[in-house]
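Visitor: I am new to this structure and would like to learn how to read it. Could you show it to me and take me through its features?

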Amino acid sequence: MAGPVRQPIDIPSLERYLEKHVPEVIPPLDVKQFGFGQSNPTYLLTTHTGTRFVLRKKPPGKLLTKTAHQVERECRILHALRDTDVPVPRVYGLCEDAAVIGTAFYIMEFLDGRFITDPLMPGVAAREKREMWRSAVETLVKLHTLDYMSLGLDDLGKSSGFYTRQIKTFSNISRSQALAVDSESKNAIGPLPHLEEMSTFFARNQPTDRTSIVHGDYKIDNIVFHKTEPRVIGVLDWEMATLGHPLSDVVSLVSPFLPHTWGVKGAASSLSPELPSDPEERAKAGLPTLEECVNWYTAGGGYDVRTDLKWGRAFAGFRGAVIMQGIAARYALRQASGASAKEFGAMAWPTAENVWGLVRELDSHIQEEAGEGKPRESISQAKGRL
């Protein structure tokens, strides 16, 4: 889980800071770096007594955009959620002084549970898998039904127009990332294919606007499960959390149940495992169906997402391609922190091609609907079946 440090930090300086400002963390420290965390380098700190903590920091060097790597924002959100029904690790301190270890960072609780990256949940008993998925869905409902104003998070984002802003933001980020020059080849990584056409399509066709706290990257690999019980004990990686449309989180969570858009079609990748296509095989493995996940979400108090899933899947693919391009850009600048950054970043361009195919299918469907006298922009009303 945690191994050799790939991006060194000044440990003596860190220890001096912690002695003064975070008394819970007692030096000397053993420091290791987690393999996950493509965006913000994440370290495991172990004291001489065996107590473990986690350090999250910004990546070194000049950052590509101001909207990414916001560990200060992540720390604030974790603190605000500490007394809610949404399980999060406790935060012990935030340091915004870059002189300590080179960038801002914060210290949080280490959650001693199960970290699962594969939605198949290998090694987990079949009888537990369904309940773990259900707990993940129900935890998401708890987040989406929080009163963000009472938590003091009403300034986390704007209360309307989430997808309009997302489309503009990710399109601009992609254009900026395309200019990143590889430190060895001296070539720019280049633009994503069909970026402008996809951006225009998504801007014209959106679901009905809704607002809640959204995590921004709510997936199995950002969830910590109890060591022996099929329940969530923590949700991690909140740097992209904001006020926005709950559809975005739902699509992120159930994406393994949808035909994936990542990478080259037909090519296997450890970064995009697919669930068994046969329903009986899935049931035997203990996995729920997409319909069950959606029903759990709706029954818990979430809105009925079924008519919006196709649009949501396509936009999530678009957003994912931009995120992968960002990893490719950071790898080009040798700022990427994940061990698999090169492979993950290279998937951006074939992913964008796959999403373009989805967009054309959706556009064709809208044209058919328009031919029946329905408004062209009402893609969210398309009665796509799960």
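Predicted model: local features only at pLDDT ≥ 70, side-chain atom pairs only at ≥ 80, totals over all residues.

Visitor: In what order do the six strands of the open sheet lie?

Guide: Helices (H or I, at least four residues) and strands (E, at least two) are DSSP runs, numbered from the N terminus. Two strands pair if DSSP finds at least two bridges between them. Here the order is E1-E2-E3-E4-E6-E5, and the pairing is antiparallel. Strand E1 (2–3) and strand E5 (91–95) are at the edges with a single partner strand each, so one side of each has no neighbour in the sheet.

Visitor: How many bridges join strand E3 to E4?

Guide: Five bridges join E3 (residues 42–47) to E4, and the two run antiparallel. Thr 46 stands opposite Arg 52 in E4. The hairpin of E3 and E4 has four residues between the strands, and there Gly 50 takes a positive phi near 95°. E4 is also joined to strand E6 (residues 105–109) by five bridges, again antiparallel, with Leu 55 opposite Ile 107 in E6. Four bridges join E5 to E6, where Val 91 stands opposite Met 108.

Visitor: Is strand E4 largely enclosed or open?

Guide: Buried means under 20% relative accessible area, exposed over 50%, and partly exposed in between (1.4 Å probe, protein chains only). Five of the six residues of E4 (residues 52–57) are buried, so the strand is largely enclosed by the rest of the structure.

Visitor: Which strands does H1 lie across?

Guide: Contact means heavy atoms within 4.5 Å. Axes are lines fitted to C-alpha atoms, for helices over the stretch in contact, and angles run from 0 to 180 degrees between N-to-C directions. H1 lies across strand E2 (29–34), E3, E4, E5 and E6, at about 115° to E2. Helix H2 (residues 71–80) lies across E4, E5 and E6, at about 30° to E6.

Visitor: Which strands form the open sheet of three?

Guide: Its order is E7-E9-E10, with antiparallel pairing. Strand E9 (residues 223–225) and E10 pair over three bridges, and Phe 225 has Val 232 in E10 as its bridge partner. Helix H3 (residues 126–144) lies across E7, E9 and E10, running at about 45° to E10.

Visitor: How many aromatic pairs does the structure hold?

Guide: A pair of aromatic rings is described by the distance of the centres and the angle of the planes. Rings of Phe, Tyr and Trp (its six-membered ring) pair if their centres lie within 6.5 Å; planes under 30 degrees apart count as stacked, over 60 as edge-to-face and the rest as tilted. The structure holds 13 such pairs. The rings of Tyr 17 and Phe 105 have centres 5.6 Å apart and planes at 75°, so this pair is edge-to-face. Tyr 17 lies in helix H1 (residues 11–21) and Phe 105 in strand E6, so the pair ties together parts 88 residues apart in sequence. Both Tyr 17 and Phe 105 are buried.

Technical notes
Residues numbered from 1 in each chain as written. Heavy atoms only, no water.
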